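Trainee: I would like a close look at one part of this model and how it packs against the rest. Please take me through the helix contacts in one go.

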Amino acid sequence: MDLNILAMLVWTVSGSVLLFVLMYVDSLFTKYKDFAEVKAGNMAVTTRMVMKLFAQGYVLATSISTAGHLGEALLVSVVSFIILLILESVVHFMIRRWANLDLDTGIQQGKTGYGLFSGALHIVGALIIAACL
């Protein structure tokens, strides 16, 4: 029993650190400073960030439940993050091009609907990725 508790602690700490790192890396790819916008009360940025964190956490939880080793679960989460980051960029580009809707600018301006739309893309992507695990 003690070994299971220790393993749970190690997996939880490792997963939490990975999620923090991934959210920090994600903030480097936005046109604005995510954490400064959250501090300033920008609900669109906060909404997108929370939904993205949920999406990554869901993929990590699914990979942990199916993986045999911690490293495998963390690697799956990193790969899914990269896939979702690329897909987000492609979808944002297509929406900007075809619908004349700039999600990044809208999120930076605090338009919560834009943040919800962008965050929903991550949740849908995470559900698809998790179904493949």
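Mentor: Over residues 73–94 the chain is 100% helix and 0% strand, with the end C-alpha atoms 31 Å apart. Keep in mind that this is a predicted model. The stretch 73–94 is one of three that the unreviewed UniProt entry annotates as "transmembrane region", the others being residues 6–25 and 114–132. Residues 114–132 are likewise 100% helix and 0% strand, and there the end C-alpha atoms lie 28 Å apart.

The C-alpha trace spans about 55 × 30 × 20 Å along its principal axes.

The part to look at closely is helix α3, residues 43–66. Two packed helices are described by the angle between their axes and the distance between the axes.

Start with helix α4, residues 70–98. Helices α3 and α4 pack at an angle of about 140 degrees, their axes 9 Å apart, and α3 passes α4 in a right-handed crossing. On the α3 side the contact is made by Arg 48, Lys 52, Gln 56, Val 59, Leu 60, Ser 63 and Ile 64. From α4 come Ala 73, Leu 74, Val 76, Ser 77, Ser 80, Phe 81, Leu 84, Leu 85 and Glu 88. By class, this α3–α4 contact has nine nonpolar, four polar and three charged residues.

Next is helix α1, residues 2–28. The axes of α1 and α3 come within 10 Å and cross at roughly 140 degrees; α1 and α3 are therefore oblique to each other. Here too the crossing, α1 past α3, is right-handed. Helix α1 contributes Trp 11, Gly 15, Leu 19, Leu 22, Met 23 and Asp 26. Helix α3 contributes Arg 48, Met 49, Lys 52, Leu 53, Gln 56, Gly 57, Leu 60 and Ile 64. The residues of the α1–α3 contact divide into eight nonpolar, three polar and three charged.

Helix α6, residues 112–132, is the remaining partner to cover. The axes of α3 and α6 come within 7 Å and cross at roughly 5 degrees, and the two helices are therefore roughly parallel to each other. Among the α3 residues that meet α6 are Met 43, Ala 44, Thr 47, Arg 48, Met 51, Lys 52 and Phe 54. Those they meet in α6 include Thr 112, Gly 115, Leu 116, Ser 118, His 122 and Ile 123. The α3–α6 contact divides into 14 nonpolar, seven polar and two charged residues.

Arg 48 deserves a separate word. Arg 48 is listed in the contact of α3 with α1, in the contact with α4 and in the contact with α6. A search of the whole structure finds six salt bridges. In one of them the side chains of Arg 48 and Asp 34 meet, at 3.9 Å from N to O. Arg 48 lies in α3 and Asp 34 in helix α2, residues 34–39, so the pair ties together parts that are 14 residues apart in sequence.

Definitions and conventions: Residues are numbered from 1 along each chain as its sequence is written. This is a predicted model: local features need pLDDT of at least 70, side-chain atom pairs count only at pLDDT 80 or more; totals for chains, interfaces and linings use all residues. Side-chain values use heavy atoms; hydrogens and water are left out. UniProt positions are given in the numbering used here, feature names are shortened, and annotations may be inferred rather than shown by experiment. Helices (H or I, at least four residues) and strands (E, at least two) are DSSP runs, numbered from the N terminus. Axes are lines fitted to C-alpha atoms, for helices over the stretch in contact, and angles run from 0 to 180 degrees between N-to-C directions. Angles under 35 degrees count as roughly parallel, over 145 as roughly antiparallel, 65 to 115 as roughly perpendicular and the rest as oblique. A crossing is left-handed if the near helix is turned anticlockwise from the far one by less than a right angle, and right-handed if clockwise. Contact means heavy atoms within 4.5 Å. Ala, Val, Leu, Ile, Met, Phe, Trp, Tyr, Cys and Pro count as nonpolar, Asp, Glu, Lys and Arg as charged, and the others, Gly among them, as polar. A salt bridge is a side-chain nitrogen of Lys or Arg within 4 Å of a carboxyl oxygen of Asp or Glu.
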